[in-house]
Amino acid sequence: MSPGTPGSTPSVADVRANLAAIRERIRSTGHDPDAVAVLAVTKAFGPEIARIALAAGLPDLGENYAQELVAKDEELRTQTLAVEPTWHFLGRLQTNKVRVLAPIVGLWQSVDRVELVRQLAARVPHAAILVQVNLSGEEQKGGCSFAAAPALVGAAQDAGLDVQGLMGVAPAGSAEAARPGFQRLVALADELDLPQRSLGMSNDFEVAVEEGSTMIRIGRGLFGPRPPRGSA
Ligand SMILES: *Cc1c(COP(=O)(O)O)cnc(C)c1O
């Protein structure tokens, strides 16, 4: 990762170099970097970060907060885009935010309860989603339990949603501590015949790729230290 101080905006060249290093680290796990999508998590970085990510070859962009996602998309639209972004919603999602996000979000990664399935089915027929599973049991992480996931996947499919896979956020701690949760999520995705497994962040993506992640979600590893919330 290139050095950076919180709040400084990386250049396109910095982000390209960081992406190349991440792909090299994927390769050194023995996996094909082309088989692992890199989602650029732009949360908390300034509005210009989305354009920098696109220019660096990262069309998939992730955000955790509805307002921030809408604002960054609006900023992007002020200029002609060479590449269309695909926005991924990653955060805890309130049902009343679905409406404002519906025209913008391409993949809803944090679907974790049936109310959300209903709201999405009503507002965004056939929406592409991942069901988020709570890997650690920590309440604040979001996600349904492993036990509840098959029924939620079924409900979403019955409601006409395009369930592409499962998503999980590792518990805080060492990358190695994340491994059992990653294994369990991949096994469940296999069982449910779901191709997409969104697993791994800056500090644990190699373990995630070793265990079968198909999409890693990277913020700091691409853009450097995150500015404190509210300063962006
Ligand atoms: C913030 C966040 C990320 C990116 O985290 P980094 O450590 O910056 O790579 C990935 N996924 C989710 C759900 C996040 O909230």
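This is a predicted model: local features need pLDDT of at least 70, side-chain atom pairs count only at pLDDT 80 or more; totals for chains, interfaces and linings use all residues.
**Note on the loops and the ligand site**

1. D193 is placed in the loop between α7 (175–191) and β7 (196–198); helices (H or I, at least four residues) and strands (E, at least two) are DSSP runs, numbered from the N terminus. The phi of D193 is near 65°, a positive value in a residue other than glycine. D193 counts as exposed, at 67% relative accessibility; exposed means over 50% relative accessible area, buried under 20%, and partly exposed in between (1.4 Å probe, protein chains only).

2. Residues are numbered from 1 along each chain as its sequence is written, and side-chain values use heavy atoms, with hydrogens and water left out.

3. A44 also has a positive phi, of about 75°, although it is not a glycine. Most residues other than glycine have a negative phi. A44 lies in the loop between β1 (37–41) and α2 (49–55). Is A44 buried or exposed? A44 is buried, with a relative accessible area of 7%.

4. The backbone nitrogen of A44 lies 2.6 Å from a polar atom of the E68 side chain. This is a polar contact (a pair of N or O atoms within 3.5 Å; within protein, one must be able to donate a hydrogen and the other to accept it, and residues adjacent in sequence count only if both atoms are side-chain atoms). E68 is found in helix α3 (residues 66–76) and counts as buried at 14% relative accessibility.

5. Which residues surround the ligand? They are V41, K43, N64, V169, M201, S202, R217, I218, G219, R220 and R226, where a residue is near a molecule if one of its heavy atoms lies within 4 Å of it. By class, this shell has 4 nonpolar, 3 polar and 4 charged residues; Ala, Val, Leu, Ile, Met, Phe, Trp, Tyr, Cys and Pro count as nonpolar, Asp, Glu, Lys and Arg as charged, and the others, Gly among them, as polar.

6. A polar side-chain atom of R217 is 2.9 Å from a ligand nitrogen atom. A polar backbone atom of G219 lies 2.9 Å from an oxygen atom of the ligand. For R226, a polar side-chain atom is 2.7 Å from a ligand oxygen atom. The protein covers 94% of the 380 Å² of accessible area that the ligand has on its own (Shrake-Rupley method, 1.4 Å probe).
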